[in-house]
Each structure stands twice: as C-alpha cells, then as structure tokens.
Amino acid sequence: MGLQIEVKDLIFGYGGETVLDGISLTIGQGDFIGIIGPNGSGKSTFLKNLAAILTPAAGEIIIDGKALPRWRRRELARRLALVGQGAAAGFNFTVEEMVAMGRYPHVQRFGSFKPTDHRAVERAMHLTGCYHLRERGIFSLSGGERQRVLLARALAQETPCLLLDEPTSFLDLGYQVELLELLRSLNQRERITVVMVMHDLNLASRYCRKLFLLYGGRIHACGDPEEVLTREHILEVYRTEVLIEPHPLDGKPQVIPVSTAQAGPNQNFQQRIHIIGGGGSASPLMKELFARGFSLSAGVLSVGDSDWATARRLGLTMVEEAPFYPISPQRHRQNLELIEKAGAVVLAPVYIGPGNLPNVEAALFALQRKRPLIVIDAAGVAGRDFTGGQGAALYRRLEEGGALFLPRPDADAVIEALFSASSGQ
Ligand code: ADP
C-alpha cells in the first residue's frame, strides 16, 4: 500500500492568471501531509492537479514513477481517491448508492458487484459512521453527514492514497476529531498516503507529520509542524500576530491568534519597552503589552525560567543567562545596552537573590540614563528580598531617583504611566 507522488516545477493558471507558480515537492509512501495557506493561495487547485481534474500548464506530476498524463483514468482511480469540497450530486441517490460509486474503478464495465465490492461499501459506511443513513437520499443530509458520505465513497474506492480538500470543514468538533483519528489509523495501519488541505492550523499541526505552507502559488515553508508553524511564517503569510504554544498533550505547536485590532505596532508609543523580570513575575504584563502592539525586550532571564519561556514564545529580543547561574558581568552589560536603546523600562516584582541583584542595578541605570522607569509592587520588596537588605536598599534609591511606582502589574496602569512619563519629558 502507499503511493509516491513527485511534483516538479508545477505551473497552473485559470485563463491568464497564474495560481500555482513553480511547485516542487515529493510525497512519500505512507506520508501524512497537510497543505495549509491562506484563502486563495492555490491549495484546492494544487489538489485538483494531483487528482488530474486540472491539467498543469507546465511541469510534471509523477505518480509511482509514471507521469500523470500516461495513467488511464480507471487505473488512476484505483490508486488515488479525491474527497472534494462537498460537490453536489445531480440526483438524489441514496447514501448506499453514492458510496457504491466508489467501486466503479474495480467493477468491470457492465459487470455486476461481487461480494468484495459489497463488503468494501459496507465497511466504508461503518468506518465513517453513515451506515445508519444508507437508505436516506443524499439531498436530505446535513452538510456534515454529506461530508462523511463523500469520505465513505473515497474509502470504498480502496486506494493507497487519499486526497482530501478540507475534509473537516462542515463537521462539528466531535466528528472533526473522529475523522482525523480515522485517517491517522488508516495511515498507520494500512500505510495509506494522506494528502489533506486543512484550514485549521491546530488540527493540521496535531495530525499531519509534514506541512506545506502555500502562499501566492508557491511553497513558502515546508517541514514538520514545528518548522512550519512559527510566529514569523504566520505573520508573513496570514498577516496576523500569533502566539505559538505547545499542545499540553503532545507538545505540537498550537497557533493562538492575537486580535488583529491589537496586532501591529502600537501607534501611540513606538519606542521599545524593556522588561526586567524573572520567575514568572513579568509574564502576564509581557503578554498584555505584546498583545497591544508594544515593542518589547527583556533581560536578564535564566534559560528555562517561565518569563524566559514567555519572552521566547513572543519572539522578544532578550538577554539570557544559563540556568542557576548568577548574572555574569557580560550579560549585565548586554542588559544595560538594551536599556540604553529602550524608550522606557519596567521592573517586575521579582524575587531578589545575590544572583539577580544586577537586574535591580540595571533598573537604577535606567533612571541614571533618564529613561522612564516603572516599578511594580515596591511595597512588597521586603518579602521578596533575599540579599540581606541590599535589594530593598536599591529600591529606596529607585524611589529617590524618581521611579514611578505601581501597586500591581496592571497593563492599563502601566500604559497610562508610560504616556504621562513620556509626555512630561
Ligand atoms: P485555496 O484553496 O487556497 O483557497 P484555490 O485553489 O481555491 O485557493 O484558488 C486559488 C485562486 O484561483 C483564487 O484566486 C481563486 O479565485 C482562483 N480560482 C479558483 N478556481 C477557479 C476557477 N474555476 N476559475 C477561475 N479562477 C479560479
């Protein structure tokens, strides 16, 4: 089972308009591939070229070593099945009749169904949960039911490769997961090659082993989900600011959009804000300010610390120190350089030990360089200071130096303080 597809410099256009502009890729036996990309990027068109419904203007599609035009239709239909986007039948067939059409490439012309054909039809209806609908006319089905019948027809075709165009689009959440689990088990148990156009990036990430990101008729990125679903790629292609978080069960990247109204640079304050944090003290504020379009940097953060993880997911410029090491003079200097180039600095309510005392000194440096400094929860410093009083003493100097003190890491209050400080300068 399984099937190999090779695409070389594929070019396709409707009329004069080029839609696929030089696509080259290889799909191996037993692959589970997701084709993703924004609307109009050519995903359906690509799938229809693979299924020989459309003919390329240039380039080649080679299936199991043989160029596509050399395949006879019936022979190809025994190798590839396409589940399109709910194409309506012209007649109100019953579900069973519709699924039975999947057997046409296996049945002799004018021949009759054999027991193997009946078994394949029944199995396909059982697998897709539409056996109980077998006597219903397809016009009476819901969008989700019809989609399952189309999959059943493709499964009845018993091909080593399934091409699916947004197979989950009309399905509710339960059926989406069920369908993808079914495809995964067919792929794993029977080595069926699956090539699927997917709208939902998070489901694509969890189920597909390899993704091709199409954009403007070209492959913008390809590889495993970790390589393709990066903040940069999503921003380039979907023009949307997102956070990438690992799925709690399997660690696959999950894409969390940040509201488009909030994405893009904040027009009111375009300078960078440098955040001094650690131990999770700065994470909520970093996320809030990031979501509102502020440009941020952070430091010095220990690798593996939760603030470090947040800054990394947000793609911030930051100074990192090795885990459990005190801040080295070199890292401290790099932190000061970031502060020097920032428009304002925020000191989060960090726990202070001898190892990260330089971070509080860095806040003092910000004041010396006339950067507005916002200090969160200075009143609670005594309970967070484990340096024998050195940290608390530095906080007193911050107060004398004119830092703005806020009781909580509340983003609205921070923004208000920033604007009043920068307009008063
Ligand atoms: P996607 O599946 O990524 O949303 P499509 O492959 O459906 O993209 O469409 C790619 C481009 O081709 C779009 O600009 C679309 O308008 C155009 N297109 C799709 N089908 C046709 C068609 N039958 N005739 C003319 N243009 C088409």
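Helices (H or I, at least four residues) and strands (E, at least two) are DSSP runs, numbered from the N terminus. Val 300, for one, is found in strand E14 (residues 296-302). This is a predicted model, where local features need pLDDT of at least 70, side-chain atom pairs count only at pLDDT 80 or more, and totals for chains, interfaces and linings use all residues. Residues are numbered from 1 along each chain as its sequence is written, and side-chain values use heavy atoms, with hydrogens and water left out.

**Backbone geometry**

- Most residues other than glycine have a negative phi, and most peptide bonds are trans.
- Gly 299 and Val 300 are joined by a cis peptide bond, with omega about -25°.
- Ala 52 is not a glycine, yet its phi is positive, about 65°. Ala 52 sits in the loop between helix H1 (43-50) and strand E4 (58-63).
- Ala 52 has a relative accessible area of 17%, so it is buried. Buried means under 20% relative accessible area, exposed over 50%, and partly exposed in between (1.4 Å probe, protein chains only).
- Asp 377 also has a positive phi, near 50°, and is a residue other than glycine. Its place is the loop between strand E17 (373-376) and helix H14 (381-384).
- Asp 377 counts as partly exposed because its relative accessibility is 26%.

**Salt bridges**

- A salt bridge is a side-chain nitrogen of Lys or Arg within 4 Å of a carboxyl oxygen of Asp or Glu. The count by this rule is 16.
- Arg 123 pairs with Glu 190, and their closest N and O atoms are 2.9 Å apart. Arg 123 lies in helix H4 and Glu 190 in helix H6 (residues 173-190), so this pair ties together parts 67 residues apart in sequence.
- Arg 123 is partly exposed at 34% relative accessible area, and Glu 190 is partly exposed at 22%.
- Arg 292 forms a salt bridge with Asp 412, at 2.7 Å between the closest N and O atoms. The pair links distant parts of the chain, 120 residues apart: Arg 292 is in the loop between helix H10 (283-291) and E14, and Asp 412 is in helix H16 (residues 411-424).
- Arg 369 and Glu 340 meet through their side chains in a salt bridge of 2.4 Å, N to O. Arg 369 is in the loop between H13 and E17 and Glu 340 in helix H12 (residues 329-341), so the pair ties together parts 29 residues apart in sequence.
- Salt bridges with shared partners join Arg 103, Asp 117 and Glu 158 into one network.

**Buried residues and contacts**

- Ser 41 lies in the loop between strand E3 (32-36) and H1. Ser 41 is buried, because its relative accessible area is 2%.
- Contact means heavy atoms within 4.5 Å. Leaving aside neighbours within four places in sequence, Ser 41 is in contact with Val 19, Leu 214, Tyr 215, Gly 216 and Gly 217.
- Pro 358 belongs to helix H13 (residues 357-368). Its relative accessibility is 14%, so Pro 358 counts as buried.
- Not counting residues up to four places away in sequence, Pro 358 touches Ile 327 and His 332.
- Pro 358 and Gly 40 are 52 Å apart in space, C-alpha to C-alpha, and 318 residues apart in sequence.
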